Amino acid sequence: MRLVLLGPPGAGKGTQAYKLSQILAIPQLSTGDMLRAAVSEGNAIGRQAAEIMQRGELVPDRLVVGLIADRIARPDAARGFILDGFPRTVAQAQSLDDVLDVHELNCVLELKVDEQHLLDRILGRAMQARESGEAVRADDNQEALSVRLTAYANQTRPLTDYYAAKGLLRTIDASLPIDRVTAALIDAVEGLDGKASATIE
């Protein structure tokens with residue numbers, strides 16, 4: 001089962017990707033984690049990425065896609081994978097399609113949450129951190145969230161149209177409690193028919 005998980009900041013992608021990986025017994029692939037691992041291992045892509053990051057530049061799509069291609073070729077991804085954090089743009093999605101080739105995606109799961117609900121989550125997370133004496137994330141505030149949501153709308157939302165046109169998109173109401181969101185995601189995956197996009201409420 002080859003899946004992509006989409007959603008705005010605070011929608012719970014990391015939490016749900018982890019849960020799905022445990023239930024479906026397929027690896028959760030975070031591009032951020034993969035980049036850090038490649039740099040740490042010092043492989044060819046890691047060395048190139050390290051030089052780029054040291055200059056304060058963004059790692060280009062071709063390197064990230066190459067990293068994903070290497071990762072999904074490993075034995076533990078033979079049964080599938082969950083991509084968390086990639087693609088973020090239609091151009092990246094098209095590059096991913098080229099890499100996957102015959103091993104195309106089975107489903108793209110979109111976590112949908114309204115902006116006020118996201119803000120409540122973010123501020124609640126910041127409050128819990130303060131109360132427990134932990135450091136509050138620098139971007140856990142209304143201003144930062146607004147900037148991140150604007151970036152998401154401009155770059156990532158067009159992906160929903162791209163994947164809907166391919167019949168791959170399943171939209172989940174991520175404002176529900178965590179376990180209900182997980183159940184809806186599993187239902188969406190188990191109910192794949194390869195046809196029209198569906199909305200799970």
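Which residue forms a salt bridge with Arg 71? Before I answer, please keep in mind that this is a predicted model, in which local features need pLDDT of at least 70 and side-chain atom pairs count only at pLDDT 80 or more, while totals for chains, interfaces and linings use all residues. Residues are numbered from 1 along each chain as its sequence is written, and side-chain values use heavy atoms, with hydrogens and water left out.

The partner is Asp 76, and the closest N and O atoms of the pair are 2.7 Å apart. By salt bridge I mean a side-chain nitrogen of Lys or Arg within 4 Å of a carboxyl oxygen of Asp or Glu, and by this rule the count comes to four. Arg 71 is buried, at 14% relative accessible area, whereas Asp 76 is partly exposed, at 42%; here buried means under 20%, exposed over 50%, and partly exposed in between, with a 1.4 Å probe and protein chains only.

Let me turn to Asp 179 and Lys 19, whose side chains meet in a salt bridge at 3.6 Å, N to O. Asp 179 lies in helix H9 (residues 178-190) and Lys 19 in helix H1 (residues 13-24), so this pair ties together parts that are 160 residues apart in sequence. Helices (H or I, at least four residues) and strands (E, at least two) are DSSP runs, numbered from the N terminus. Asp 179 is exposed, with 58% relative accessible area, while Lys 19, with 27%, is partly exposed.

Finally, Asp 97 and Lys 166 also form a salt bridge, at 3.6 Å from N to O.
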